[in-house]
Amino acid sequence: MEDRTAKVLVVCQEPEALEELSGWFASEGYSCVTTTRSDDADKLLRSDRFDLVLGDLDMPGLPAADLLALVQTLPSIPAVLTATTLENRETAAMSVEAGADSYILKPFMRKDVLIHAAAALKRPRQVSAAEDQAAREREEEIVFRLLAAIGRRSDETEEHVRRVGLYASVLADGLGWAAEPTREIRLAAALHDIGEVAIPDSILVKAGRLSPEEYALMKKHTEIGANALDGSELSVLRMARDIALAHHEKWDGTGYPKGIVGEDIPECARIVAIADVYDALLSERVYRLPLSEDEAFAIMVANKGKYFDPRIFDCFLRLLPEFRMIRGLMQDDDDLSIDFSELL
Ligand SMILES: [Fe+2]
Ligand SMILES: [Fe+2]
């Protein structure tokens, strides 16, 4: 939490009331800016960051709707209290419906004002659409820069992880997931093999078949990735952790690292299993050309209910045209080098 004094803007046309209000706020340790002009409120709100705005709805030129619409456009949305006289209570009540935190009846009373202000400031603040969008873009940039930094040590080309992310979000959407987790799985899925960073190159880029010992070590990338992502408060990283840990689990319980079965495997990981294998089968290996879609399909269909959750697999079949389109738009140009037999 940022440690700063809460900053309050009071917009009210009565100078005595303003003086009183700013004295009360100051006595409670708030930093307070006041104005008697509604057109100043606009300028002040855009030039500084306020935690709370107290707007007197009885002053001309300050319709609640305008004030509330204005704060929604700010990068950091302040709490809003409106104030009015008893006769205008209806207007004040409407302002709450329109998004104000609460309203205060005039004449102002110290206790009343301070209680409402404290309560409004305690409420978690909404994030504006612009800030939300910026946060998403930052999240995305961090994920893909991280992946780029780790580099292309294995077959996990940047195109591969991006495609797996896109396939996963197409599947999540097809399964009826809400918009936010559907957006998140696109990034979370791209981190599925992040644990490979700890696997020696001699294993990771080995062209031939891995020895049992090497394969046992390779399998550890699931737990290593999950450990690296563990404990985050960000839902996208919590999902990424589940995916990293369980993307090699199989529906019939023969996968790794835990051998869990069916719906005990997080749904996000069951989704990524299909997306990852589909893309891997159609990708080139140093020792073979990509499989044709028919060949890849024969393998995948044979694994419905074994490797893959049958319900998600049916969704995958339905959405195949979208998968093909993504594949067509995002081609690999890399040589890949992992033993395909380890995928299935
Ligand atoms: Fe993996
Ligand atoms: Fe992969």
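At what angle do helix 7 and helix 8 pack, and how far apart are their axes? In this predicted model, helix 7, residues 158-174, packs on helix 8, residues 179-190, at an angle of about 150 degrees. The axes of helix 7 and helix 8 are 7 Å apart.

## Helix 7 and helix 8

Angles over 145 degrees count as roughly antiparallel, and helix 7 and helix 8 are therefore roughly antiparallel to each other. The crossing of helix 7 past helix 8 is right-handed.

From helix 7, the contact takes in Val 161, Val 164, Gly 165, Leu 166, Ala 168, Ser 169, Ala 172 and Asp 173. These meet Thr 182, Ile 185, Arg 186, Ala 189 and Ala 190 of helix 8. Sorted by class, the contact of helix 7 with helix 8 has eight nonpolar residues, three polar and two charged.

## Helix 2 and helix 3

Two packed helices are described by the angle between their axes and the distance between the axes. For helix 2 (residues 38-47) and helix 3 (residues 64-72), the angle is about 15 degrees and the axes lie 11 Å apart. Angles under 35 degrees count as roughly parallel, and helix 2 and helix 3 are therefore roughly parallel to each other. The crossing of helix 2 and helix 3 is right-handed.

Helix 2 contributes Asp 42, Leu 45 and Arg 46 to the contact, and helix 3 contributes Leu 67, Leu 70 and Val 71. In terms of class, the contact of helix 2 with helix 3 has four nonpolar residues, two charged and no polar ones.

His 221 is placed in helix 11, residues 221-229. Is His 221 buried or exposed? The relative accessibility of His 221 is 1%, so His 221 counts as buried, the cut-off for buried being under 20%. The side chain of His 221 reaches the backbone oxygen of Met 218 at 2.7 Å. With residues up to four places away in sequence not counted, His 221 touches Asp 193, Gly 195, Glu 196, Ile 199, His 247, His 248 and Tyr 256.

Thr 222 is also placed in helix 11. Thr 222 has 0% relative accessibility and therefore counts as buried. Neighbours within four places in sequence aside, Thr 222 is in contact with Ala 244, Leu 245, His 247, His 248, Tyr 256 and Pro 257.

## The loop between helix 12 and helix 13

Pro 257 is found in the loop between helix 12 and helix 13. The peptide bond from Tyr 256 to Pro 257 is cis, with omega near 10 degrees. Gly 259 is placed in the loop between helix 12 (235-246) and helix 13 (267-281). With a relative accessible area of 25%, Gly 259 is partly exposed. Gly 259 and Ala 246 are 13 residues apart along the chain, and their C-alpha atoms are separated by 9.2 Å. Residues up to four places away in sequence not counted, Gly 259 touches Glu 249 and Gly 253.

Trp 251 is found in the loop between helix 12 and helix 13. How far apart are Trp 251 and Tyr 307 in sequence and in space? Trp 251 and Tyr 307 are 56 residues apart in sequence and 5.1 Å apart in space, C-alpha to C-alpha. Not counting residues up to four places away in sequence, Trp 251 touches Val 261, Gly 262, Glu 263, Ile 265 and Arg 270, and also Gly 305, Lys 306, Tyr 307, Phe 308, Asp 309 and Pro 310.

## Phe 308

Phe 308, one of the residues touched by Trp 251, is found in the loop between helix 14 (293-302) and helix 15 (310-318). Phe 308 counts as buried, at 1% relative accessibility. C-alpha to C-alpha, Phe 308 and Ile 271 are 8.5 Å apart in space and 37 residues apart in sequence. Leaving aside neighbours within four places in sequence, Phe 308 is in contact with Trp 251, Ala 273, Ile 274, Val 277, Met 300, Asn 303 and Phe 313.

A cis peptide bond runs from Lys 106 to Pro 107, with omega near 0 degrees. Pro 107 is found in the loop between strand 5 (102-106) and helix 5 (110-122).

Definitions and conventions
Residues numbered from 1 in each chain as written. Chains lettered and ligands numbered in written order. Predicted model: local features only at pLDDT ≥ 70, side-chain atom pairs only at ≥ 80, totals over all residues. Heavy atoms only, no water. Axes fitted to C-alpha atoms, helices over the stretch in contact; angles between N-to-C directions. Helix = DSSP H or I, 4+ residues; strand = E, 2+ residues; numbered from the N terminus. Parallel < 35°, antiparallel > 145°, perpendicular 65-115°, else oblique. Left-handed = near helix turned anticlockwise from the far one by under 90°. Contact = heavy atoms within 4.5 Å. Nonpolar A, V, L, I, M, F, W, Y, C, P; charged D, E, K, R; others polar. Buried < 20%, exposed > 50% of the residue type's maximum accessible area, 1.4 Å probe, protein only. Polar contact = N/O pair within 3.5 Å; in protein donor to acceptor, adjacent residues only side chain to side chain.
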